[in-house]
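I am opening a notebook on a structure that is new to me, and I want to set down what I looked up in the order in which I looked. Each entry takes one topic and stays with what can be read from the model.

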Amino acid sequence: MTGTEHQIVGQVYRAKTDPEAADALIRQYMDFIRSETVKFIRTAPENGREDELSIAMLAFYEAILGYERGRGAFLPYAARAIRSRLIDHSRKEKRHKGVISLHAGEGEEERPLLEALPDRRDQMGEWELRQASRTEIREFGEKLAGFGISFSDVADNCPRQERTLAACRRVLDWARANPEVLDRLEETGRLPMNQLALGAGTDKKTMERHRKYLVALLLAFTNGYEIIRGHLCRLGSGKGGSGE
């Protein structure tokens with residue numbers, strides 16, 4: 001890994017858990033994001049093509065969250081993520097061709113239909129959701145730290161193969177059906193490997209390889225961390241990885 005690549009990887013890993021670092025990284029590579037968008041749409045992402053640029057920015061952020069050192073250099077990985085997102089968007093656009101646009105004129109005054117619709121956005125609700133998300137992430141990070149685990153550790157340790165992910169889900173399902181195991185985890189700070197392996201019918205060595213991911217997954221189901229739960233499930237849902 002070259003010095004430049006090493007620097008980028010360091011920035012990416014900081015951005016995984018630091019929203020300000022993520023924003024800074026997106027700003028730093030805005031020209032790259034724009035370039036990848038232009039490659040796909042074959043025109044500048046203006047003049048009615050702003051959606052594609054927004055989608056590319058979101059894909060870049062998702063690439064930050066999903067990136068692991070074993071996946072090669074970050075920028076090619078991010079480029080693939082951007083292209084994949086833009087392909088999905090393009091397919092959806094084609095499926096919806098012929099559907100009336102909310103920006104089309106309506107009536108004699110050619111008033112856009114979008115303006116004729118009531119504004120149902122709950123801006124206060126959106127703000128409260130963002131605040132709740134930040135609070136939950138901070139609290140969960142503190143809880144993980146009590147076990148000597150960081151968000152980056154969890155990202156590094158999550159399973160990449162579907163069969164391994166399925167094994168971890170079996171452990172989770174069994175633990176949820178036997179809440180005393182979750183209580184024991186919180187009380188002792190240790191994962192009861194033997195009990196979980198026997199109860200879930202999962203290979204103990206597989207569990208040991210993904211101990212940090214399992215600890216995070218089980219902890220997320222002890223105190224109602226709903227936002228974290230969804231992220232952990234997406235984090236471990238990649239298929240076709242070279243490792244477990």
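The entries below go from the ground rules to one helix, then to charged pairs, aromatic rings and the core.

**Entry 1: ground rules**

I note that this is a predicted model, in which local features need pLDDT of at least 70 and side-chain atom pairs count only at pLDDT 80 or more, while totals for chains, interfaces and linings use all residues. Residues are numbered from 1 along each chain as its sequence is written, and side-chain values use heavy atoms, with hydrogens and water left out.

**Entry 2: helix H3**

I began with H3, which covers residues 30-41; helices here are DSSP runs of H or I with at least four residues, numbered from the N terminus.

Which residues of H3 are buried? I found Met30, Phe32, Ile33, Glu36, Thr37 and Ile41, where buried means under 20% relative accessible area, exposed over 50% and partly exposed in between, with a 1.4 Å probe and protein chains only. Seen down the axis of H3, these buried residues fall within an arc of 165 degrees, so they line one face of the helix; the arc is that of the directions from the helix axis to the C-beta atoms. On the face turned away from the buried side of H3 I noted the exposed residues Asp31 and Lys39. After H3 comes arginine 42, whose phi is positive, near 60 degrees.

**Entry 3: salt bridges**

Side chains of opposite charge can pair when their charged atoms come close. I counted a salt bridge where a side-chain nitrogen of Lys or Arg is within 4 Å of a carboxyl oxygen of Asp or Glu, and the structure holds four of them.

Another salt bridge joins glutamate 186 and lysine 143, with the closest N and O atoms 2.7 Å apart. This pair links distant parts of the chain, since glutamate 186 belongs to helix H10 (residues 179-188) and lysine 143 to helix H7 (residues 123-145), 43 residues apart. Glutamate 186 is partly exposed at 33%, and lysine 143 counts as partly exposed at 22%.

I also looked up arginine 169 and glutamate 162, whose closest N and O atoms are 3.6 Å apart in their salt bridge. Arginine 169 is partly exposed, with a relative accessible area of 36%, and glutamate 162 counts as partly exposed at 32%.

**Entry 4: aromatic rings**

I took rings of Phe, Tyr and Trp (its six-membered ring) as a pair if their centres lie within 6.5 Å, with planes under 30 degrees apart counted as stacked, over 60 as edge-to-face and the rest as tilted. By this rule I have six aromatic pairs, and one aromatic cluster is formed by Tyr13, Tyr29, Phe32, Phe60, Tyr67, Phe74 and Tyr77.

Which charged ends sit over the ring of tyrosine 13? That of lysine 16 does, 5.3 Å from the ring centre, and that of arginine 69 does, 4.1 Å from the centre. The rule here is that NZ of Lys or CZ of Arg is within 6 Å of the ring centre and within 35 degrees of the ring normal.

**Entry 5: the largest nonpolar core**

A nonpolar core is a set of buried Ala, Val, Leu, Ile, Met, Phe, Trp, Tyr and Cys residues joined through side-chain atoms within 4.5 Å. The largest has 30 residues, of which Leu191, Leu196 and Leu218 touch the most other members. At least two residues of this core come from each of H7, helix H9 (162-177), H10, helix H11 (193-200) and helix H13 (211-219), and H13 supplies the largest share, seven residues. H13 is mostly covered, with seven of its nine residues buried, among them Tyr213, Leu214 and Val215.
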